[in-house]
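Let's take a walk through a protein chain together. Have a look at the picture first, and then we'll go through it piece by piece.

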Amino acid sequence: MKGFIILTSTLFLLTSSIALSSSVSVQKVSEHLHILSGKEYGTNIGLVSTKYGLVLIDPMPGNNQLSTLDETIRSIYDKPISFILNTHAHSDHTGGNAHFEKQGGKLIESSFNLDDLTHIKVKSHTTIDNIYYHKESNSIFVGDVFDTSWHPTFYAGGIKGFNEAIEAILNLGDDQSLVIPGHGAPANKPSLLEFRKNTFTWIHKIQELYQKGLGVEQIMIDAQVKDILEKFNINNKPPFLPQKAHKKFIEKTISVINEENNR
Ligand SMILES: [Zn+2]
């Protein structure tokens, strides 16, 4: 038994040191697109090579991983970053802007056309959600409108804004497009459609229970609510959400429902 404990703790140390030395992961999507991601937030960072120079989308691997991100980029391209884009203003996406601006990167906030990259605006997760479509790799960066590692967060746009954002994303690219969420594994349009369906099922269920007069604590323990929530747990993480996050998600959904009713 003792031997077993020692063995598992050694294994644990081994895995954490591996994690430390490769804290920024790299996925090559095409000749001109890599997706990088830091362990801390799991934010999907786009590294796009255009004829105008390198473009970074959402450069935030975690505050202590910015130099690792520099090294990772250098291992792929021997060039500085020319432009920085953000899917939205939250710090887990914008936290590395200043770091790359100091190195000469230019932050682009308004509409633009950069070679193979096009841009549209929607309102769902925040009041301004930027969606970037990269034609050469047929990839769509959708920020936190979509998440494959967390529950949906449609808090700024409500039901209408969320639905319009999904429609706008579906209108970009084609059936084969890669859909890159703000966090979690890159997916495709069928999984985005599934995410929309599950989101509506969630909202309708919460609405039904709330209108019956159930409180947040009672809604939390409802078996059907738990089942619907598990549909967002793509990686079968046990448990998917801390209780606090589960509760907050219900509270936020109720405030979205109330706002829709007051419109
Ligand atoms: Zn985020």
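Is Lys247 buried, partly exposed or exposed? At 30% relative accessibility, Lys247 counts as partly exposed; buried means under 20% relative accessible area, exposed over 50%, and partly exposed in between (1.4 Å probe, protein chains only).

Before we go on, some ground rules. This is a predicted model, where local features need pLDDT of at least 70 and side-chain atom pairs count only at pLDDT 80 or more, while totals for chains, interfaces and linings use all residues. Residues are numbered from 1 along each chain as its sequence is written, and side-chain values use heavy atoms, leaving out hydrogens and water.

Back to Lys247, which forms a salt bridge with Glu217, their closest N and O atoms being 3.4 Å apart. A salt bridge here is a side-chain nitrogen of Lys or Arg within 4 Å of a carboxyl oxygen of Asp or Glu. This pair links distant parts of the chain, with Lys247 in helix α9 and Glu217 in helix α7 (residues 216-220), 30 residues apart. Helices (H or I, at least four residues) and strands (E, at least two) are DSSP runs, numbered from the N terminus.

The structure holds 7 salt bridges. Another one joins the side chains of Glu208 and Lys205 (3.2 Å, N to O). These two sit 3 residues apart in helix α6, so about one helical turn separates them. Glu208 is partly exposed at 35% relative accessibility, whereas Lys205 is buried at 10%.

Now for the strands. An open sheet of 5 strands runs in the order β7-β8-β9-β10-β11, with mixed pairing; two strands pair if DSSP finds at least two bridges between them. β7 and β11 (187-188) stand at the edges with a single partner strand each, so one side of each has no neighbour in the sheet. In general, strands of a sheet pair through backbone hydrogen bonds, either parallel or antiparallel. Strand β10 (residues 178-181) pairs with β11 in the antiparallel sense over 2 bridges, and Leu178 has Asn188 in β11 as its bridge partner.

Finally, check out the loops. Between α8 (223-230) and α9 (243-261) you'll find Pro239, and the peptide bond from Pro238 to Pro239 is cis, with omega near -10°. Asn236 lies in the loop between α8 and α9 and has a positive phi of about 50° although it is not a glycine. Asn236 is exposed, with a relative accessible area of 60%.
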